[in-house]
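Please open the structure in a viewer and keep the selection panel at hand.

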Amino acid sequence: MARRNKNKLFTEIEVIDAGAKGKAIAKSPDGRVIFIDNAVPGDVADVQTTRKRKSYYQGTATKFHELSDKRTEPVCLHFGTCGGCKWQNMDYKYQLEYKQNEVENNLRRLGKIELPEITPILGSEEIYFYRNKMEFSFSDSRWLTQDEIQSGEDIQDRNALGFHIPGMWDKILDIKKCHLQADPSNAIRNFVKEFANENDLSFFNTRNQEGLLRTLMIRTTSTCEIMILVQFYEDDQRKRELLLNAVAEKFPEITSLQYVVNNKANDTIYDQEVICYNGRDHIFEEMEGLKFKINAKSFYQTNSDQAYNLYKITRDYANLKGDELVYDLYTGTGTIAQFVAKNAKKVIGVEAVPEAIKDAKENAERNNIDNVEFYVGDMKKVFTESFINKHGHPDVIITDPPRDGMHKDVVAQIIGILPERIVYVSCNSATQARDLALLDEYYKVTSVQAVDMFPQTHHVENVVCLEKR
């Protein structure tokens with residue numbers, strides 16, 4: 001017996017909200033929530049569902065009866081196919097509104113904690129061309145648009161240099177112009193693709209695991225330094241040098257030109273040797289006179305201007321007088337630790353990634369900061385009673401954990417020592433709310449500030465200050 005198609009077509013559905021992962025939200029006639037890929041709150045549309053679950057549907061708007069006044073015209077010709085800027089069709093002031101709502105709803109609904117009057121979200125001055133790092137993938141079998149498929153033409157040019165189609169590990173959308181990173185990013189990417197095509201340099205085939213060119217990373221800084229990293233799959237010196245020499249000649253402003261030869265199954269470079277071909281093996285970012293060395297494997301906030309605002313808020317919330325011992329948990333490359341160090345007696349940074357701690361120590365030495373110490377290790381194993389006995393009881397804890405939030409053992413240790421103040425920086429207000437609920441018996445939330453680091457997307461950072469009850 002044929003399986004019955006459970007997908008439904010709902011007509012004239014009003015979109016009422018925007019939610020998780022950038023999806024629009026509506027209600028179906030049977031009361032279930034519908035998560036919609038391509039709509040804006042205020043739209044009225046027919047929705048074809050693609051998945052049904054007990055409490056919700058997933059779907060796509062197929063016909064619009066009314067268009068929302070919250071809409072704006074997307075600037076990118078790749079919008080709707082590339083999944084990188086899902087909110088580009090929503091006016092920026094409404095993007096901020098929905099991000100603010102998400103933070104407040106998570107803290108109230110999931111955290112169930114008493115909150116002060118919440119400060120309005122800090123928007124980004126630049127809503128395009130704000131990223132300092134982009135990674136593009138090569139493919140010899142690019143994603144074809146619906147128009148190309150329906151044309152019936154025999155398309156010979158299948159090479160692409162761009163982004164993965166959402167949910168498809170082996171399909172790459174060729175990018176003509178990306179609005180996320182300022183020039184010369186687009187010029188460099190387009191030149192690399194054109195030169196490779198003209199000189200028969202093969203593009204990677206993910207399924208067959210063959211081809212010369214694998215990925216291209218471009219990093220820029222507010223000090224106008226540029227890093228290029230080309231990842232090769234095949235180890236062909238002649239072809240490799242042909243491309244790298246051409247890039248160096250075309251763009252003499254490049255500070256650091258590097259490459260990796262990686263013939264393993266995945267394209268992560270963290271276990272690979274990065275080779276400097278021309279210039280330095282690093283670039284520098286600067287903030288309030290502090291210089292931060294960034295190499296090919298370094299983590300650094302991808303929106304430099306908003307990172308500065310985020311760190312200033314963190315420092316303000318820490319409210320340091322100069323005699324405090326500060327613990328900076330999940331310190332990364334120690335940027336926050338060094339940023340607040342001049343206001344503290346001493347800062348102790350802890351991070352699980354050895355390379356990040358190496359960078360942190362080098363940056364502190366370069367910046368002549370002698371009141372910071374950095375330690376490497378799994379947070380829940382390092383941040384123990386013996387560690388605190390050795391390094392001192394913190395007056396203030398700054399914590400900036402990954403999306404999963406703090407490990408329950410770390411939260412328990414904080415409760416065990418009860419510092420006077422905690423500043424909690426988060427890229428996921430849902431897990432932040434969970435942790436705040438655990439701390440609520442001992443701490444009162446006194447300040448909340450969301451920061452928009454990623455315009456045109458649903459992502460949002462949030463900073464919370466907690467004072468001991």
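Contact here means that heavy atoms lie within 4.5 Å of each other. The model on display is predicted.

**First stop: a strand residue.** Select Thr399, which belongs to strand β19 (residues 396-399). Display its surroundings, leaving out residues up to four places away in sequence: Thr399 touches Leu329, Tyr330, Met406, Ile422, Val423, Tyr424 and Val425. Is Thr399 buried or exposed? Its relative accessible area is 0%, and since buried means under 20%, Thr399 is buried.

**Second stop: helix α10.** Select residues 408-417, which form helix α10. Within α10, colour the buried residues Val410, Val411, Gln413, Ile414 and Ile417. These residues lie on the same side of α10, because they cover an arc of only 160 degrees around the axis. In an α-helix there are 3.6 residues a turn, so residues three or four places apart point the same way. Now turn to the face of α10 directed away from its buried side, where the exposed residues Lys408 and Gly416 are found.

Select Leu213, Leu216, Ile228 and Leu243, the residues with the most contacts inside the largest nonpolar core, which has 78 residues. Centre on Leu243: apart from neighbours within four places in sequence, it is in contact with Val192, Phe195, Leu201, Leu213, Val230 and Phe232. A second, separate core has 37 residues, among them Met379, Phe383, Val411 and Ile414. Val411 and Ile414 were already coloured as buried residues of α10.

How many cavities of 30 Å³ or more does a search of the whole structure find? There are two. For the largest cavity, of about 120 Å³, select Cys76, Cys82, Cys85, Gln88 and Cys178, which lie nearest its centre among the 13 lining residues. The lining of this largest cavity comprises eight nonpolar residues, four polar and one charged.

Finally, select Asn132, Arg219, Thr220, Glu285, Ile294 and Tyr300, which line the second largest cavity. Its volume is about 40 Å³, and its lining divides into two nonpolar, two polar and two charged residues.

Notes:
Residues numbered from 1 in each chain as written. Predicted model: local features only at pLDDT ≥ 70, side-chain atom pairs only at ≥ 80, totals over all residues. Heavy atoms only, no water. Core = buried A, V, L, I, M, F, W, Y, C linked by side-chain atoms within 4.5 Å. Buried < 20%, exposed > 50% of the residue type's maximum accessible area, 1.4 Å probe, protein only. 1 Å grid on protein atoms, 1.4 Å probe; cavity = no way out; pocket = protein on both sides within 12 Å on 5 of 7 lines; lining within 4 Å. Points joined across faces, edges and corners; volume = space filled by probe spheres on them. Nonpolar A, V, L, I, M, F, W, Y, C, P; charged D, E, K, R; others polar. Helix = DSSP H or I, 4+ residues; strand = E, 2+ residues; numbered from the N terminus. Arc of directions from axis to C-beta.
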